[in-house]
Amino acid sequence: MNAEEKYQAELKQSDLDHHQPTAAAMTGHIISNLLIHSLKINQANLFAKGSASLFLAEKAAGWIAYERQEFDQLNHLLVNNGESIPTITAQFKEYTMLEEDGSSKYLADDKQLFALVKDFDTQTLFITKAIALANNESWPELSANLTNLMAWIKEQIRVTQDFLGHELKEGLYVEDDDDDF
């Protein structure tokens, strides 16, 4: 098989994996979310004003560094197990569940910061599902990595919600029993 045929086979398998979710497919969403979220953190860090600017001056670089580290670790975990990963912009756009909007850099400082919290929260939905799938697929190293990522994200949500003067779950997603990926 030539390079193009291999890539087309990868895309076909990826499509199948996303319709019958696997831990690897769900982790592809997580990888994409991490990349897009780090871009959104950078944008907010550059454009937020007021107290959010001070908060982000303290937190943004660490958030981006941690998300980049997780991005790299998850990519290696998947590739080391023969799984496909998103590698091109089109795939990141397709697999992310975070929304980008260039005009958001002009939102009020607390709205920019809360948007990042909501993105952290969205990531937990995919991480929870991927952990369950990894456990079902007897993939303990993926489950352990994602469990650590989940704990870190929950900490960032709590700290930021506290800073914003919100209750922990205020304005965040509440899962219905009928929800399915």
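Q: In which hand of crossing does α2 pass α3, left-handed or right-handed?
A: First, keep in mind that this is a predicted model. To read the hand, look at how the near helix is turned relative to the far one: anticlockwise by less than a right angle is left-handed. Here, α2 passes α3 in a left-handed crossing.

Q: At what angle do α2 and α3 pack, and how far apart are their axes?
A: Think of each helix as a line with an N-to-C direction. Helix α2 covers residues 23–47 and helix α3 residues 50–80; their axes are 9 Å apart and the packing angle is about 155°. Anything over 145 degrees counts as roughly antiparallel, so α2 and α3 are roughly antiparallel to each other.

Q: Which residues of α2 and α3 make the contact?
A: On the α2 side, they include Ala-24, Thr-27, Ile-30, Ile-31, Leu-34 and Leu-35. From α3 come, among others, Leu-56, Ala-57, Trp-63, Phe-71 and Asn-75. Sorted by class, this contact of α2 with α3 has 15 nonpolar residues, plus six polar and two charged ones.

Q: Asn-75 is a polar side chain in that list. Is Asn-75 buried or exposed?
A: The number to look at is relative accessible area, and under 20% counts as buried. Asn-75, which is found in helix α3, has 9%, so Asn-75 is buried.

Q: How do the axes of α5 and α6 cross?
A: Helix α5 (residues 109–136) and helix α6 (residues 140–164) have axes that come within 9 Å and cross at roughly 155°. That angle makes α5 roughly antiparallel to α6. As for the hand, α5 passes α6 in a left-handed crossing. The class count for the contact of α5 with α6 is 17 nonpolar, nine polar and two charged residues.

Q: How close do the axes of α3 and α6 come, and at what angle do they cross?
A: They come within 11 Å and cross at roughly 170°. This makes α3 roughly antiparallel to α6. Among the residues that meet are Phe-55, Trp-63, Tyr-66 and Leu-74 in α3, and Leu-142, Leu-146, Trp-152 and Phe-163 in α6. By class, the contact of α3 with α6 has 13 nonpolar, six polar and four charged residues.

Q: Is Leu-146 buried or exposed, and which residues does Leu-146 touch?
A: Start with accessibility, then list the neighbours. Leu-146 lies in helix α6 and is buried, with a relative accessible area of 0%. Not counting residues up to four places away in sequence, Leu-146 touches Thr-27, Ile-30, Leu-74, Ile-127, Ala-130 and Ile-131.

Definitions and conventions:
Residues numbered from 1 in each chain as written. Predicted model: local features only at pLDDT ≥ 70, side-chain atom pairs only at ≥ 80, totals over all residues. Heavy atoms only, no water. Axes fitted to C-alpha atoms, helices over the stretch in contact; angles between N-to-C directions. Helix = DSSP H or I, 4+ residues; strand = E, 2+ residues; numbered from the N terminus. Parallel < 35°, antiparallel > 145°, perpendicular 65-115°, else oblique. Contact = heavy atoms within 4.5 Å. Nonpolar A, V, L, I, M, F, W, Y, C, P; charged D, E, K, R; others polar. Buried < 20%, exposed > 50% of the residue type's maximum accessible area, 1.4 Å probe, protein only.
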